[in-house]
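I opened a new model today and kept notes as I went. Here they are, for anyone meeting it for the first time.

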Amino acid sequence: QVQLVESGGGLVQAGGSLRLSCKVSGKNIRNNMGWYRQAPGKQRELVASMSAGSDINYADSVKSRFTVSRDMGKNTMYLQMNRLRPEDTAVYYCRLVAGWDYWGQGTQVTVSS
């Protein structure tokens, strides 16, 4: 059984930082993975992706502020978020594509102004 469990969300003031974690069980994280977010009333959008070959892409809105990484030993993907803005407020999800499409349950990030 494949499970993705996000953690690390919370309430932070604008300009602050958070680090999200996505712990994966049942599949190796050396697959195509990504971080997505969904704000109230908006569609889910890609924040950052990391391919099996470690190619990384970021949404324009988070470039130079967010960094995606993974720890193969812990089978965990991370999203370091710096200089957070109120518009970053959303539920953040991790995704793994390995034959099937797997999603975590999401973690809430709220940035106050």
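**Ground rules.** I am reading a predicted model, where local features need pLDDT of at least 70, side-chain atom pairs count only at pLDDT 80 or more, and totals for chains, interfaces and linings use all residues. Residues are numbered from 1 along each chain as its sequence is written, and side-chain values use heavy atoms, with hydrogens and water left out.

**Entry 1: the disulfide.** How many disulfides does a search of the whole structure find? I got 1, counting a pair of cysteine sulfur atoms within 2.5 Å. Cys22 is joined to Cys94, with an S to S distance of 2.0 Å. The two ends sit in distant parts of the chain, 72 residues apart: Cys22 in strand β3 (residues 18–25) and Cys94 in strand β9 (residues 90–98). Strands here are DSSP runs (E, at least two residues), numbered from the N terminus. I also noted that the link is right-handed, with 60° about the S-S bond.

Are these cysteines buried or exposed? Cys22 counts as buried because its relative accessibility is 0%, and Cys94 is buried because its relative accessible area is 0%. Buried means under 20% relative accessible area (1.4 Å probe, protein chains only).

**Entry 2: Arg65.** I found Arg65 in the loop between β6 (56–58) and β7. Arg65 is buried, because its relative accessible area is 3%. Its side chain reaches the backbone oxygen of Ser61 at 2.8 Å. Beyond four places in sequence, Arg65 touches residues including Met81, Arg83 and Asp88; contact means heavy atoms within 4.5 Å. Met81 in turn touches Leu20, Tyr92 and Val109, among others.

**Entry 3: Thr107.** Last, I turned to Thr107 in strand β11. Thr107 counts as buried because its relative accessibility is 11%. A polar atom of the Thr107 side chain lies 3.2 Å from the backbone nitrogen of Gly9. Leaving aside neighbours within four places in sequence, the contacts of Thr107 include Glu6, Gly9, Leu20 and Tyr92.

Notes
Helices (H or I, at least four residues) and strands (E, at least two) are DSSP runs, numbered from the N terminus. Buried means under 20% relative accessible area, exposed over 50%, partly exposed in between (1.4 Å probe, protein chains only). A polar contact is a pair of N or O atoms within 3.5 Å; within protein, one must be able to donate a hydrogen and the other to accept it, and residues adjacent in sequence count only if both atoms are side-chain atoms.
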